[in-house]
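Trainee: Hi! Could you walk me through this one?
Mentor: Happy to, let's open it up.

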Amino acid sequence: MNIMEVKKIKKVLASILIVLLMSPFQPGVENVRAETGKATISVSTLNVRTGPGLSFPVLTKVHRGEEYKIVDSQKDWYKVKTKSGEGWVADWLVSVETAATGDSSSSFNGRVNTDGLRVRKGPSTSDGIVTVLQNGDTVTVTDKEGDWLLIESGSTRGWVHHDFISETNSTPSKKSVNKQGIITDDALNVRNSPSLQSSVLGVLNKGDAVEVTGSVSGWYEIKFGNDKAWISESYLEFSSGGGTSSEKAEETSTSENLTGIITVHGLNVRDDTSLNGRIVGKVSKGERYTLLKEKNNWYQIKLSNGNKGWVAGWYVQKTVTAAAHEDNTSDENITILYNGTNVRSDASTSANVLLRATSGDSFPVKSKDGDWYEVRLPDGSSGFVAGWVVSIRSAAGENTTPRKRSGGLQDKVIVIDPGHGGRDSGTTGASGTLEKLLTMKTGELLAEKLKSAGAKVILTRKTDEYLSLPSRVSLSHYYQADAFISIHFDSIMDSSIAGHTTYYYQNQQKDLADDIHGSLSDRLPTMDRGVRIGDYHVIRENNRPAVLLELGFLSNPTEEANVNTQYFQDLAATAIYHGLGDYFSE
């Protein structure tokens, strides 16, 4: 073998060696998985932000039912592709359809066989919780990975362990019913299937008559316009008035008896079912219109001038004929809650100020415009006052401000506000405990307990991120919270001070404060510092029942060590849970 041949062999061996050295890294490329799938918007209007957090600017707005491709994810946020570019949406406000992975199995119907079943983002207990299902809830199983099942329940999609799902051959057996019923509670959600996790189609109010067509355990099927829908059996009584059920059915089953209530100010009415349609008019928040037709989540209405047009369905709340629920404010008075309250020339915070009222001033109500009251001023002229800075009383002196106190925790909307977050750490304990992390832990424990009781829970923050005080209050108003709970831990220069305190600001918040504080005092081992008025933004500016809790002093070394334990946090969450149960049982 000559020198040239040896050199050629060395070159070949070198090439083979290089390939062998590189080849182990190639499979790694296959392990890189970009986030894939589609996000379906679950709320009426959702902000798409430039970054994964509520503090980032809004890029654009999207609407219920719209689907967007997911291109990335970070903690509790998905990055989606919109017409305005790529932006971030909160995962708790969307439902996600991921690309199928592994071997897919035939889908089947199932039923939850335990209470408080946690539905997770992925097939492991380390994945985040999407929602909590209860014993008897129906699901559809669409995929399997190991011992985990991918299920759908209403608009919710996630993973559960197979031990807690019993296979059924079909949907729950429905009994046929042909009766007339009367709704016994206000703002009752009407759903598309007999489950608390199913989509809300609209609302019914106390006194509404409905035709009941079927039933399953805990639920009644009713006619809702031209559709079939479901309501909880707890809020319906069967009527015993004259006329046959078939005669009464004719009165409530036509589409003319389905009414839409506009939920935003200045909503455009268009000549087509598209945002590109020509604007033919405008409607305002609180106005009611008969829904003539429905198409692609748009509703056709008839304006006062006789013209017909279409409005976006995500700005319309459907209900049955609302004649019995029209505002009747002629015998009501408003009482001003705060000194220096502005009385304006129109129902807007940008309208001119006519005068500044003093706490305790009272004015007769002429009409209601959305969240504003038109009142009669002493000189006979009219002015407008925001509804969240007044209390409403009838001519007889009875407080008529709507309260939703009955029925327990089921379906109540609870906004939990873990104090501080991100660059705002709150107070720092004697041994270095950060308040922002402690409030988050306690808030999460409380959320799980409330969800297991059937409450609808919104956390103002789900991670260690900064959120402004107005944003926290806005979430309370946006979701029309039945209760807003802001969780904090206290600090003071005197390290001997210890105990828990409950704060409220407005009179209508005091009952909630008393009930929660009573439960805290009964259960917590710490000193009771009482219920007090506190000038804190999240309760001062909040028009919903709201309290701020200081659960202990981190400046006290002994109390800091105590509140850091899992035992104390669970005890505090349990106490708040029972306090809310007391509040909603009256």
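**After helix α5**

Mentor: Let's start with Q480, which follows α5 and has a positive phi, near 50 degrees. This is a predicted model, where local features need pLDDT of at least 70 and side-chain atom pairs count only at pLDDT 80 or more, while totals for chains, interfaces and linings use all residues. Residues are numbered from 1 along each chain as its sequence is written, and side-chain values use heavy atoms, with hydrogens and water left out.

Trainee: Which residues of α5 are buried?
Mentor: In α5, residues 469-478, the buried ones are R472, V473, L475 and S476. Buried means under 20% relative accessible area, with a 1.4 Å probe and protein chains only. Helices here are DSSP runs of H or I with at least four residues, and strands are runs of E with at least two, numbered from the N terminus.

Trainee: Where do they sit around the axis of α5?
Mentor: They fall within an arc of 150 degrees seen down the axis, so they line one face of the helix. The arc is taken from the directions from the helix axis to the C-beta atoms.

Trainee: And what covers them?
Mentor: The cover includes β37 (413-418), β39 (483-490) and α7 (537-540).

Trainee: How does β37 run relative to β38, parallel or antiparallel?
Mentor: Parallel, with four bridges joining β37 to β38, residues 456-459. Two strands count as paired if DSSP finds at least two bridges between them. Within that pairing, I416 stands opposite L459.

Trainee: What do β37, α4 and β38 make together?
Mentor: A right-handed β-α-β unit, with α4 spanning residues 435-452. Right-handed means that, with the strands pointing away from the viewer, the path from the first strand over the helix to the second runs clockwise.

Trainee: Changing topic: which residues touch the most other members of the largest nonpolar core?
Mentor: I414, I416, L450, I485, I516 and L580, out of 37 residues. Such a core is a set of buried Ala, Val, Leu, Ile, Met, Phe, Trp, Tyr and Cys residues joined through side-chain atoms within 4.5 Å. The largest share, eight residues, comes from α9.

Trainee: Now the open sheet of three strands, what's its order?
Mentor: The order is β25-β22-β29, with antiparallel pairing. β25 (288-290) and β29 (316-320) stand at the edges with a single partner strand each, so one side of each has no neighbour in the sheet.

Trainee: How many bridges join β22 to β25?
Mentor: Three, with β22 covering residues 258-262. I261 has R288 of β25 as its bridge partner.

How values were computed
Buried < 20%, exposed > 50% of the residue type's maximum accessible area, 1.4 Å probe, protein only. Contact = heavy atoms within 4.5 Å.
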